[in-house]
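Let's take a walk through a protein chain together. Keep the picture open beside you and look up each residue as we reach it.

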Amino acid sequence: MNTQALIFVDSSIKDDKPLTFNGQFIPDIINTALQPLSAVASIHYCIPETYTGKLQQAASVFTYSGTDTPEIWHQIFEKTGAQHIIKIPADAPFFQASIVAEMLDTHITYLSDFTFSYNVPSGYACEIISKSILENPLANPTLSDSLGDIVKKNLNQFDVELYYKEPDLRWHRVNFRAGNIRDRLVMQNIIAITNQTPSYESLQEIINSHPEVLFTTPSYVEIELCGQCTLDCIFCYRKILSPTHGIMELSTLHMLLQKMRVFDSPYAVCFGGSGEPLEHPQFYKALELCNNEELIHTIVVETNGIYADTGYASALASFASNKITTIVNINAHNTESYKKLHNADYFTTVHDNILRLKEILVEHNKLNNNLYLQIMKINETESFLDNYYDYWEQYSIPIILQKQDTYLGRITDRRYSDLTPLQRKPCWHLRQDLYILSDGTVAFCKQDIDGASKRGNINTDDLNTMWQKQREHFVEDFKEKRAKKPDCDKCDEWYTFNL
């Protein structure tokens with residue numbers, strides 16, 4: 001049984017900074033941890049072409065372009081003579097060799113082509129690939145996808161083993177990879193408490209005792225750019241606001257972007273809130289400001305589509321980056337259903353704008369995950385939901401089925417099914433999100449639609465101070481001591497996830 005290890009550098013890693021943790025070079029940590037494993041005959045490295053760090057000088061190194069396609073795996077198996085390769089992420093400072101040993105035992109015992117874990121986070125788990133996998137026609141060397149992705153998309157076509165180990169940490173949505181800033185911060189928080197690299201078995205106890213280790217920096221900022229809207233949708237909460245919200249000043253947006261830089265970590269922005277963002281008189285300037293902000297990796301524009309016309313499509317096409325995603329909220333597949341849900345007759349306008357937007361995005365090679373349709377799963381859409389899918393899928397535009405938010409029962413509950421998990425978990429939104437109202441108010445969360453429980457205002461208050469207050473609320477929520485204002489016990493959005 002010729003088993004060898006491959007320490008793999010992701011394509012997003014360009015130098016050795018993400019491969020260094022607490023002053024140590026992570027591949028060296030992994031190499032040392034592997035030494036007691038007698039089953040591992042030798043260790044190799046695999047780096048992207050764009051990487052400029054010291055692993056370029058390693059004794060046995062493979063270089064790939066784009067990702068680890070079947071072609072590069074053919075080269076690795078041919079040159080190493082291995083029968084089995086253990087693929088280990090190079091930025092995993094908490095790497096634990098005992099888990100690799102268990103996974104390898106599973107892999108060999110069940111004669112697997114490919115072994116991986118769903119529940120053990122990346123950074124502790126690895127992938128184990130056998131040379132025999134390359135005999136499968138689906139592992140064609142001409143394909144440009146990662147071999148691992150090919151297998152996971154076609155699980156029934158390969159001999160695959162899934163490795164499971166307690167505790168199951170999936171619901172924490174964290175990996176233990178130093179290449180990701182927030183994962184790195186989580187690991188640094190853990191080290192600050194334990195003063196040592198924790199075993200996988202001890203992680204749940206550490207998190208339960210110190211939930212603050214999970215709290216890092218904001219990753220999702222929803223901005224209420226505009227509080228006005230042409231439509232009067234039956235499920236909209238705008239009509240219960242008194243007074244209704246106005247237009248965000250660009251100076252407020254400037255201030256928000258400037259203050260977010262204190263965290264020095266990438267984040268996503270969503271133009272959402274109570275109104276239609278494209279009705280903001282300076283929408284395109286606001287979009288440009290966010291597009292030019294280096295820390296913002298994704299911009300989501302949630303729109304009713306009425307003003308997402310040729311001008312909007314052309315603006316998206318003109319940006320050099322490809323980080324703008326448009327979600328068109330259209331709860332209809334014809335004029336009649338549109339009127340019933342939106343109390344207006346804009347179906348043809350929105351329909352034509354959607355198809356034109358797709359056409360222009362395709363023309364400028366910007367359609368990849370950049371356009372979605374969204375329909376709410378409520379009583380009024382149930383009768384035509386199948387027709388909706390049939391109608392819109394002919395245009396090959398992905399559809400998001402949206403859960404209704406009743407905002408703590410303040411608007412009519414129109415849901416015909418309740419998907420809320422039986423067991424309550426800590427709120428993801430308190431851990432990751434910021435919700436900014438049009439006047440700059442930093443709300444408690446998105447359920448605080450009128451800012452009654454606000455943390456402060458972005459124009460006048462220190463954002464980091466407000467964020468640390470949110471940290472306290474997250475920790476309390478984790479300990480099931482939920483806020484009373486707003487009444488978190490009434491919320492069923494805690495399990496939903498944005499980006």
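**A walk through the model**

Start with a cavity lining: the residues around the largest cavity divide into three nonpolar, three polar and two charged. In that sorting, Ala, Val, Leu, Ile, Met, Phe, Trp, Tyr, Cys and Pro count as nonpolar, Asp, Glu, Lys and Arg as charged, and the others, Gly among them, as polar. Before going on, a word on what you're looking at: this is a predicted model, where local features need pLDDT of at least 70, side-chain atom pairs count only at pLDDT 80 or more, and totals for chains, interfaces and linings use all residues. Residues are numbered from 1 along each chain as its sequence is written, and side-chain values use heavy atoms, with hydrogens and water left out.

Back to the cavity. Searching the whole structure turns up one cavity of 30 Å³ or more, and the space in the largest cavity is about 60 Å³. Here a cavity is a set of points, on a 1 Å grid over the protein atoms alone, where a 1.4 Å probe fits but cannot get out; lining residues have an atom within 4 Å of a point. Grid points are joined across faces, edges and corners, and the volume is the space filled by probe spheres set on the points. To find the spot, look for the lining residues L316, S321, N322, K323, I324, L361, K366 and N370.

Next, the nonpolar cores. A nonpolar core is a set of buried Ala, Val, Leu, Ile, Met, Phe, Trp, Tyr and Cys residues joined through side-chain atoms within 4.5 Å. "Buried" means under 20% relative accessible area, "exposed" means over 50%, and "partly exposed" is in between (1.4 Å probe, protein chains only). The largest core has 125 residues, and L253, F271 and I330 touch the most other members. Apart from that core lies another one of 21 residues, including W73, I76, A82 and F114. What does I330 touch, not counting residues up to four places away in sequence? Its partners are Y338, H342, F347, V350, I354, L373, Q374, I375, Y388 and W392. Contact, by the way, means heavy atoms within 4.5 Å.

Now hop to I397, in the loop between α13 (385-393) and β15. Helices (H or I, at least four residues) and strands (E, at least two) are DSSP runs, numbered from the N terminus. I397 counts as buried because its relative accessibility is 4%. Setting aside neighbours within four places in sequence, I397 is in contact with I354, K358, L371, Y372, L373 and W392.

Follow the chain into the loop between β15 (399-402) and α14 (428-432), where you'll find T406. T406 is buried, at 10% relative accessible area, and beyond its neighbours within four places in sequence it is in contact with I411, T412 and D413. Y407 is in the loop between β15 and α14 too, and is buried at 8% relative accessibility.

Most residues other than glycine have a negative phi, and most peptide bonds are trans. Y407 has a positive phi of about 55° although it is not a glycine. N365 also has a positive phi, near 55°, and is found in the loop between α11 (347-363) and β14 (371-376). Is N365 buried or exposed? N365 is exposed, because its relative accessible area is 69%. As for cis peptide bonds, one joins S242 and P243, with omega about 0°, and P243 lies in the loop between β10 (220-223) and α7 (250-260). Another joins K485 and P486, with omega about -5°, and P486 is in the segment after α15 (463-478).

What about the cysteines? A disulfide is a pair of cysteine sulfur atoms within 2.5 Å, and by this rule the count is zero. C488 is in no disulfide either, with the nearest cysteine sulfur, that of C445, 6.0 Å away. C126 is buried at 5% relative accessible area, and C488 counts as buried at 10%.

Notes
1 Å grid on protein atoms, 1.4 Å probe; cavity = no way out; pocket = protein on both sides within 12 Å on 5 of 7 lines; lining within 4 Å.
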